[in-house]
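Dear colleague,

I am passing on the structure below, and the notes that follow it are meant for someone who has not looked at it before. Please read them with the model open beside you.

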Amino acid sequence: MLYVCLRFPLLGLEALPGAPLSEPCALIAQQQVSLVNAASRLAGVTEGMSLTTALALCPSLYCQPQQSECEQAHWQRLALWAYRFSDDVCLSGEDALIIEISRSRRLFGSIQRLHRRLLAAYQRHNITVQEGLGPTPLCAELLSLKGITVAALLADDGSLQRPAMKRQL
């Protein structure tokens with residue numbers, strides 16, 4: 001079996017309709033910053049910071065309260081898209097999908113082609129994705145947290161390079 005984990009670190013921001021994601025953006029919960037994008041980090045804004053401090057550092061910061069319903073609907077759409085690539089999709093935590101992909105190899109011709117199409121489906125919609133690949137769901141999830149790309153773990157023939165994977169863990 002072969003699993004891919006897709007993690008969506010900016011799920012809350014990307015779920016907001018009309019959020020200017022190329023500009024500094026932040027989600028706010030109880031007067032504290034709960035999630036920021038890369039532009040906000042460049043301006044010095046980080047998670048856990050008070051809203052007042054964040055606005056002092058970046059007056060143009062686009063702030064929105066966390067919108068759980070909007071996030072949940074977006075999360076469900078992301079999971080439904082994954083079913084185009086496999087019939088075995090599982091939600092993991094608050095921001096990740098685990099997808100069993102080995103059985104879809106024949107349909108897409110190779111794991112590499114399946115992987116490219118899977119990422120392209122999300123990237124076309126400007127969705128930030130961190131990925132991980134492994135022989136078990138937990139391994140795929142751990143590698144997604146480490147930021148190891150799927151391409152770095154696949155041999156030319158599409159097989160999993162277990163020594164490379166073990167070095168990363």
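Two rings of Phe, Tyr or Trp (for Trp, its six-membered ring) are taken as an aromatic pair if their centres lie within 6.5 Å, and a pair is called stacked when the planes are under 30 degrees apart, edge-to-face when they are over 60, and tilted for the rest. The model you have is a predicted one, and on that rule it holds 4 aromatic pairs.

One of these pairs is formed by Phe8 and Tyr122, whose rings lie 5.3 Å centre to centre with 55° between the planes, which makes the pair tilted. The pair links distant parts of the chain, for Phe8 sits in the loop between β1 and α1 (11–14) while Tyr122 belongs to helix α6, 114 residues apart. Phe8 counts as buried, at 1% relative accessibility, and Tyr122 is likewise buried, with a relative accessible area of 0%. Tyr122 also pairs with Trp81: the ring centres are 5.7 Å apart and the planes stand at 55°, so this pair is tilted as well. Here too distant parts of the chain are linked, Trp81 being in helix α4 and Tyr122 in helix α6, 41 residues apart. Trp81, however, is partly exposed, with a relative accessible area of 22%. Taken together, ring pairs link Phe8, Trp75, Trp81 and Tyr122 into a cluster.

As for the chain as a whole, its secondary structure comes to 8 helices and 7 strands, and buried residues make up 47% of its 169 residues. Of the contacts between residues at least 6 apart in sequence, 53% join residues at least 24 apart. The chain exposes about 9000 Å², of which carbon and sulfur atoms supply 52%.

Helix α6, which carries Tyr122, deserves a separate paragraph. Which residues of α6 are buried? They are Ile111, Gln112, Leu114, His115, Leu118, Leu119, Ala121 and Tyr122. In general, an α-helix has 3.6 residues a turn, so residues three or four places apart point the same way. The cover over the buried residues of α6 includes the strands β1 (3–7), β6 (96–100) and β7 (130–134), together with the helices α4 (68–82) and α5 (105–108).

Arg117 is also found in helix α6 (residues 111–123), but Arg117 is partly exposed, with a relative accessible area of 47%. Leaving aside residues up to four places away in sequence, Arg117 touches Phe85 and Phe108. The C-alpha atoms of Arg117 and Phe85 are separated by 8.7 Å, although the two residues are 32 apart along the chain.

Finally, a word on the cysteines: how many disulfides does the model contain? The count comes to 0, with a disulfide requiring two cysteine sulfur atoms within 2.5 Å. The sulfur of Cys25 has its closest cysteine sulfur in Cys63, at 8.7 Å, which is too far for a bond. For the sulfur of Cys63 the closest cysteine sulfur is that of Cys58, and at 8.3 Å this too is too far for a bond. Cys25 is buried, with a relative accessible area of 0%, whereas Cys63 counts as partly exposed at 26% relative accessibility.

Notes
Residues are numbered from 1 along each chain as its sequence is written. This is a predicted model: local features need pLDDT of at least 70, side-chain atom pairs count only at pLDDT 80 or more; totals for chains, interfaces and linings use all residues. Side-chain values use heavy atoms; hydrogens and water are left out. Helices (H or I, at least four residues) and strands (E, at least two) are DSSP runs, numbered from the N terminus. Buried means under 20% relative accessible area, exposed over 50%, partly exposed in between (1.4 Å probe, protein chains only). Contact means heavy atoms within 4.5 Å. Accessible areas come from the Shrake-Rupley method with a 1.4 Å probe; for residues, only the protein chains shown count as cover.
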